[in-house]
Amino acid sequence: MKRRTIERVFASPRRHWVGNGFHVCNYFPRGARLFERFSPFILLDYNMPEEFPPARSPRGIGPHPHRGFETVTFAFEGAVEHHDNKGNHGIIYPGDVQWMTAGGGILHKEYHEKEFSKKGGVFHVIQLWVNLPSKDKMTEPGYQALEASDMGIYRLEEKKGAVHVVAGEFKGVKGPARTFSPIHIYRAVLKEGALLILEEPKDFNLGLLVIQGDLEVNGQKVNEYDFVLFDNVPGVVETKAMSEETQYMVFSGEDLKEPIVAGGPFVMNTREELMQANEDFHQGKFGTSSF
Ligand code: MN
């Protein structure tokens with residue numbers, strides 16, 4: 001079988017704080033413009049497993065705006081709470097995903113769920129930004145609460161593991177998320193020695209993030225928390241779990257092939273649209289900030 005080759009392996013970069021609740025590695029730092037290479041994915045913020053002490057008031061980030069893309073939050077440990085000014089409220093627990101479409105404009109706040117905050121514990125989440133096609137950037141804001149039990153499940157033989165499909169499909173098993181462009185997102189959970197072969201369209205940009213244990217990718221050892229970006233060539237990716245339990249997330253999506261002009265919490269196609277986003281926000285057109 002022809003293999004889809006590795007373009008680059010990124011070791012986890014230095015962490016920074018988003019508000020006081022999310023201690024994240026940003027695998028696509030601004031300036032590197034990797035988000036163009038990995039379209040439609042424009043940001044991958046990873047809070048690797050980290051113990052948070054009990055806190056009286058939940059850690060997180062207060063009301064802030066977004067326009068032009070979707071924020072997708074995956075919880076692996078701990079619990080994340082969300083409120084927005086379109087009336088949505090949700091809490092996600094391990095295995096759940098919160099898929100928020102900012103579209104034409106929304107304000108939201110994101111923080112550790114109250115009970116989790118009080119007790120403290122290990123917090124392990126990803127926030128992914130998914131770009132919207134130009135024609136959908138100003139769409140109505142939306143919110144999808146995707147629970148662990150909603151995910152499509154592909155099971156390996158002999159209880160060697162499973163693939164939890166969030167968006168698109170894996171070997172015919174579909175995920176629940178509604179997306180604006182073709183995207184496949186899934187989480188593989190594998191026992192040591194398990195083999196899993198990925199077959200993604202070559203014109204989909206493809207990357208995987210190891211979130212637990214070590215992995216062999218096309219025969220090459222990849223460490224826990226590494227991010228692997230693949231060349232856009234036809235072929236399969238062969239993965240093999242090298243730890244007692246290995247988990248990784250796969251992000252695969254069709255390149256939007258549109259210009260990206262990003263500034264702070266807005267991701268648009270032109271400078272003018274970015275200026276307009278700032279102006280609209282400052283004029284209060286995103287709606288109330290008390291919610
Ligand atoms: Mn946000």
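Asp 45 has a relative accessible area of 10%, so it counts as buried. This value, like the others here, comes from a predicted model. Asp 45 sits in strand 4.

## Overall build

The protein chain has three helices and 26 strands. Its radius of gyration is 19 Å, close to the 19 Å that the globule rule gives for 291 residues, so the chain is as compact as a globular protein of that length. The C-alpha trace spans about 55 × 45 × 35 Å along its principal axes.

How much of the chain is buried? Buried residues make up 54% of the 291 residues. The protein chain exposes about 12,700 Å², and carbon and sulfur atoms supply 49% of that area.

## The manganese site

Which residues hold the manganese ion? The protein donors are His 64, His 66 and His 108, each through NE2, and Glu 110 through OE. They lie 2.1 to 2.5 Å from the ion. Along the chain, the donors follow the spacing H-x1-H-x41-H-x1-E.

His 64 has a relative accessible area of 15%, under the 20% limit, so it is buried. His 66 is at 3%, so it too counts as buried.

In soluble globular proteins, nonpolar side chains tend to be buried together. Here the largest nonpolar core has 32 residues. Those with the most contacts inside this core are Tyr 27, Phe 74, Trp 99, Ile 126, Leu 128, Ile 185 and Phe 251. Strand 4, residues 41-52, gives the largest share of the core, with four residues. Strand 4 is also the strand that holds Asp 45.

Leaving aside neighbours within four places in sequence, Ile 185 is in contact with Phe 41, Phe 74, Trp 99, Leu 128 and Phe 251, among others. Its contacts also include the run His 164, Val 165, Val 166 and Ala 167, as well as Met 249 and Val 250. A second, separate core has 23 residues, including Phe 170, Leu 208, Val 228 and Tyr 248.

## Aromatic pairs

How many aromatic pairs does the whole structure hold? A search finds 17. In one of them, the rings of Tyr 27 and Phe 227 have centres 5.9 Å apart and planes at 50 degrees, so the pair is tilted. This pair links distant parts of the chain, 200 residues apart. Tyr 27 is in the loop between strand 3 (22-26) and helix 1 (34-37), while Phe 227 is in strand 22 (residues 227-230). Both partners are shielded: Tyr 27 counts as buried at 3% relative accessibility, and Phe 227 counts as buried at 0%.

Phe 38 and Phe 41 form a tilted pair as well, with 5.1 Å centre to centre and 45 degrees between the planes. Phe 38 and Phe 41 are buried. Ring pairs join these residues into a cluster: Phe 10, Tyr 27, Phe 38, Phe 41, Phe 74, Phe 227 and Phe 251.

How values were computed: Residues numbered from 1 in each chain as written. Predicted model: local features only at pLDDT ≥ 70, side-chain atom pairs only at ≥ 80, totals over all residues. Heavy atoms only, no water. Donors = N, O, S within 2.8 Å, 3.2 Å for Na, K, Ca; no water. Buried < 20%, exposed > 50% of the residue type's maximum accessible area, 1.4 Å probe, protein only. Core = buried A, V, L, I, M, F, W, Y, C linked by side-chain atoms within 4.5 Å. Helix = DSSP H or I, 4+ residues; strand = E, 2+ residues; numbered from the N terminus. Contact = heavy atoms within 4.5 Å. Rg over C-alpha atoms; globule rule 2.2 N^0.38 Å. Areas by Shrake-Rupley, 256 points an atom, 1.4 Å probe, with all protein chains shown as cover. Phe/Tyr/Trp six-rings, centres within 6.5 Å; stacked < 30°, edge-to-face > 60°.
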